[in-house]
Amino acid sequence: MKKLYCFDFDGTLTYKDTMFMYLKFYDPTKFRLQFLRHVPLFILLKLKLAETEKVKKSFIGSILKGQTREKIEKKSLQFFEAHYPKIVRENALDFIRNIDRENTQSLMVTASLDIWAKPFADAFQMQLVSTKAEFKNGIFTGNFIGRNCNGKEKLERIRSEISDTRYDKIIAFGDTSGDKPMLAWANEGHYQFFH
């Protein structure tokens with residue numbers, strides 16, 4: 001029996017959202033300053049008066065834009081080493097360790113940037129489907145390649161990742177409204193399964 005698992009990352013496999021954690025880890029001083037500057041945008045976001053993708057791009061760019069790929073990847077590994085497996089839910093880790101790898105394909109599908117999500121996906125032995133950071137000549141532009149990987153976009157990315165592969169069962173795990181299209185599409189959609 002061939003299965004496909006689709007796991008959301010932040011909040012589903014982890015206890016916390018990793019974006020703020022990583023950006024604070026990367027540059028604590030800049031993080032504090034830019035967080036304060038972005039508070040009005042965060043409020044508009046809560047009130048659904050601002051676009052998530054624009055606010056996210058602005059905040060991430062305010063800290064990482066102009067940084068080299070080399071430095072970002074080095075910091076991402078340090079971040080992973082400092083927080084893995086502490087921030088991962090124990091029952092999620094147990095579940096992942098018991099996956100039948102021979103008959104199962106596993107995707108980690110996340111709105112987080114590939115920058116800091118990749119080491120976690122590698123540790124979980126999963127293919128990463130995520131929001132992609134844009135680099136030009138080895139420098140982060142502050143932009144994304146394509147759209148923020150959330151909501152309907154998550155489903156589009158999964159479909160293009162698996163293309164025409166046939167599965168006997170597709171099982172998805174998520175914990176927010178951004179996971180709902182993926183959960184509804186799967187044969188089995190589990191909401192807050194590891195909580």
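The sulfur of cysteine 6 lies 11 Å from the closest cysteine sulfur, in cysteine 149, which is too far for a bond. A disulfide is a pair of cysteine sulfur atoms within 2.5 Å, and by this rule the count is zero. The model is predicted, so local features need pLDDT of at least 70 and side-chain atom pairs count only at pLDDT 80 or more, while totals for chains, interfaces and linings use all residues. Residues are numbered from 1 along each chain as its sequence is written, and side-chain values use heavy atoms, with hydrogens and water left out.

**Cysteines**

- Cysteine 6 has 0% relative accessibility and counts as buried (buried means under 20% relative accessible area, exposed over 50%, partly exposed in between, with a 1.4 Å probe and protein chains only).
- Cysteine 149 is also buried, with a relative accessible area of 0%.

**Nonpolar cores**

- The largest nonpolar core has 41 residues, and Tyr22, Leu23, Ile60, Leu64, Ile115 and Phe124 touch the most other members (a nonpolar core is a set of buried Ala, Val, Leu, Ile, Met, Phe, Trp, Tyr and Cys residues joined through side-chain atoms within 4.5 Å).
- Helix H6, residues 114–124, gives the most to this core, with six residues (helices are DSSP runs of H or I with at least four residues, strands are runs of E with at least two, and both are numbered from the N terminus).
- Another core, of 14 residues, lies apart from it and includes Leu4, Val109, Tyr167 and Ala186.
- Leaving aside neighbours within four places in sequence, leucine 23 is in contact with Phe31, Phe59, Ile60, Ile63 and Leu64 (contact means heavy atoms within 4.5 Å).
- In soluble globular proteins, nonpolar side chains tend to be buried together.

**Aromatic rings**

- The structure holds 32 aromatic pairs (rings of Phe, Tyr and Trp, the last by its six-membered ring, pair if their centres lie within 6.5 Å; planes under 30 degrees apart count as stacked, over 60 as edge-to-face and the rest as tilted).
- Tyrosine 5 and phenylalanine 173 form a tilted pair, 5.9 Å centre to centre with 50° between the planes.
- This pair links strand E1 (residues 3–8), which holds tyrosine 5, to strand E5 (residues 169–174), which holds phenylalanine 173, across 168 residues.
- Phenylalanine 80 and phenylalanine 120 have ring centres 5.0 Å apart and planes at 80°, so their pair is edge-to-face.
- Phenylalanine 80 is in helix H4 (residues 69–83) and phenylalanine 120 in helix H6, so this pair ties together parts that are 40 residues apart in sequence.
- Both phenylalanine 80 and phenylalanine 120 are buried.

**Charges over rings**

- The charged end of arginine 69 sits over the ring of phenylalanine 135, 4.2 Å from its centre (NZ of Lys or CZ of Arg must be within 6 Å of the ring centre and within 35 degrees of the ring normal).
- Lysine 75 lies over the face of phenylalanine 25, at 5.5 Å from the ring centre.

**Backbone exceptions**

- Most residues other than glycine have a negative phi, and most peptide bonds are trans.
- Tyrosine 84 and proline 85 are joined by a cis peptide bond, with omega about 0°.
- Lysine 48 is not a glycine, yet its phi is positive, about 60°.
- Lysine 48 lies in the loop between helix H2 (28–46) and helix H3 (52–64), and it is exposed, with a relative accessible area of 73%.
- Glutamine 125, also not a glycine, has a positive phi of about 60°.
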